[in-house]
Amino acid sequence: MGRALGTYRRSFVTAGLCVFFESALELCIPLLMASVIDQGIMGRDLSVVWSRGALMLLCALAALALGTGYAHFSATAAMGLGANLRHAEFAHVQGFAFSNLDGFEVSSLVTRMTGDVTVIQNAVVAGFRPLLRGPVMLVMGLVLAVVMSPPLALIFVFVMPALAVALFLIVRHVGPLYRVMQGVMDQLNDVLQEDLAAIRAIKAYVREDYVAERFDAVNAHLASTATRTFRGAVLNTPVFQLAMYTACVLILWRGGSMIMAGTLMVGTLTGFMSYVLQIVNSLMMISNVFLLTARALTSVRRVGEVLAEKPALVSAPVAKTDVPDGTVLFDHVSFKYHPDAKKNVLEDVSLRFDAGSTVGVLGSTGSGKTTLVQLIARLYDVSEGSVSVGGADVRAYDLQALRDAVGMVLQKNVLFTGTVRENLQWGDDDASDAELLEACRIACADEFLERIGGLDGDLGQGGDNVSGGQKQRLCIARALLKRPRVLIFDDSTSAVDMATDARIRENLAGLTDVTKIVIAQRVNSVMDADQIVILDDGRVHAVGTHEELLAGDPIYQELYESQIGSGIHGEVEHGR
Ligand SMILES: Nc1ncnc2c1ncn2[C@@H]1O[C@H](COP(=O)(O)OP(=O)(O)OP(=O)(O)O)[C@@H](O)[C@H]1O
């Protein structure tokens, strides 16, 4: 927390000092009032009335100034703390490896950076003042009350423990409920975010009723939990009032008889009554702080979990920054996503891809194709064995240098809100228009570029203005602009028609110094490759050229027969 405050620490301390002195000044006012009445009015000395009165006014003005100062500094500190926490979380998440991200739902990360930070922020704004004021008012109020009249102060000995026990019971009941409420709020956020992100799919499948039902269930759960929580929390006020009025009645009764007996002055009793309010109020403040803390602690824990997550992959301390060529070597590689998983996703894979060659990867769904190529860009670390690029283990490279050298067009293509140019420049910030257009030409994105408004065409939110196949081609162009040593296409032309797919392949063949690894479902897409790898259940089933595999590999033969042998997809596309 201290670290998260950063440069706002001074504002935080200043706010604390403001509250402390404000509370101390407020406590002096009843003392002054007592002397105005007893020495000034009762003693018929107007000079005392004026001088003490002026002092009271001064105290009140100073308390006002300090209160305003507190509002200013605490707002600066709390908002700064929120901004710092959000920044720290965001920056930390940027350093996450894929395996770290596997452990957090995206919607949960969003809530942890927004809702949870707001809860912490609000707790600081609302809780910091009573946290300091409560104990100061309680201790000083009690001391001054004892100084004023020990026999009257004795009444607090009875009233205060009763109030403290009642408030404790309320906090004990409500505290855990706040935690539950926060959890349900999370569920609501998760449901909302998932449903809104998938709203098009929901409409396409006419699932609005199902989604509404799911939302209503969580919403009702939240409403009932919140009702139970706040029903408990508002008990604070009547309990507080009961304690205050009981104390008032007892003090008036005892004080009244003391005045009649001549052992107490009227002014002292008047001043003393102010302390009743302050002391009882301080207990109320303390109980509120406990409630706020109970609520905020859940959020603190959740934000802490994000910040405590250690990035699973970091660059070597002395890292290589130059990837000399695009040779890729898998040496007895085994891999599983979770250390405690029973079965490896990849099992003893050994492969060599020469620099500049084209490699096709085929295999049934779930055979490990994506997993295999992700290891080249070190999106995950191998469990056993090693992966090398350009003659060095990927773990020896600086992560950024490695990923600059290994371009990857992911299976789930993502474009961002903005223009075509802005999106393509993710590949290279400094690329000229001519370079952007050349990349579009190779990726066959030039064919539709004019239709979407050229390089300045707006892609809409998340690139929604373009079709699946257009999106894939723009993503290929973006990867080309990185001028990588190794280019990986993970089923990147699945939405592109066969003729365009063939043209893209032809264009890519011109990049002779780039190793091209193509994962595909269609045999057509990899027939021209220098070697084709067939994966089966995480193992390398066969490696060879189209001709070799067609002659001797049953899986390849079957794939070929089912897709091309029947002539449905035609050899024409293959361009032979
Ligand atoms: N992030 C992950 N966490 C845990 N298991 C995963 C993860 N990603 C993939 N797997 C599992 O690893 C196996 C291989 O998945 P992978 O995505 O590599 O297959 P694939 O051959 O690329 O499949 P497809 O052709 O459908 O894309 C699958 O059984 C899958 O369930």
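Biologist: What stands opposite L487 in β7?
Modeller: G407 does. Bridges come in sets here: two strands pair if DSSP finds at least two bridges between them. Strands are DSSP runs of E, at least two residues, and helices are runs of H or I, at least four residues, numbered from the N terminus.

Biologist: And which residue is the bridge partner of L487 in β8?
Modeller: K516. Between β7 and β8 (residues 515–519), the chain crosses through helix α18 (residues 498–509), and this β-α-β crossover is right-handed. That word means that, with the strands pointing away from the viewer, the path from the first strand over the helix to the second runs clockwise.

Biologist: Before I go on, what kind of model is this?
Modeller: A predicted one: local features need pLDDT of at least 70, side-chain atom pairs count only at pLDDT 80 or more, and totals for chains, interfaces and linings use all residues. Residues are numbered from 1 along each chain as its sequence is written.

Biologist: OK, new topic. Where is I279 found?
Modeller: In helix α11, residues 266–308.

Biologist: Why does I279 count as buried?
Modeller: Because I279 has 26 C-beta neighbours inside 10 Å. Buried takes 20 or more other C-beta atoms within 10 Å, exposed is 12 or fewer, and partly exposed is in between, with C-beta atoms placed from the backbone.

Biologist: Which residues does I279 touch, leaving out those up to four places away in sequence?
Modeller: M137, L138, G141, L142 and F156. Contact is C-beta atoms, placed from the backbone, within 7 Å. G141 is 138 residues away from I279 in sequence, yet their C-alpha atoms are 5.9 Å apart.

Technical notes: Two residues are in contact if their C-beta atoms, placed from the backbone, lie within 7 Å.
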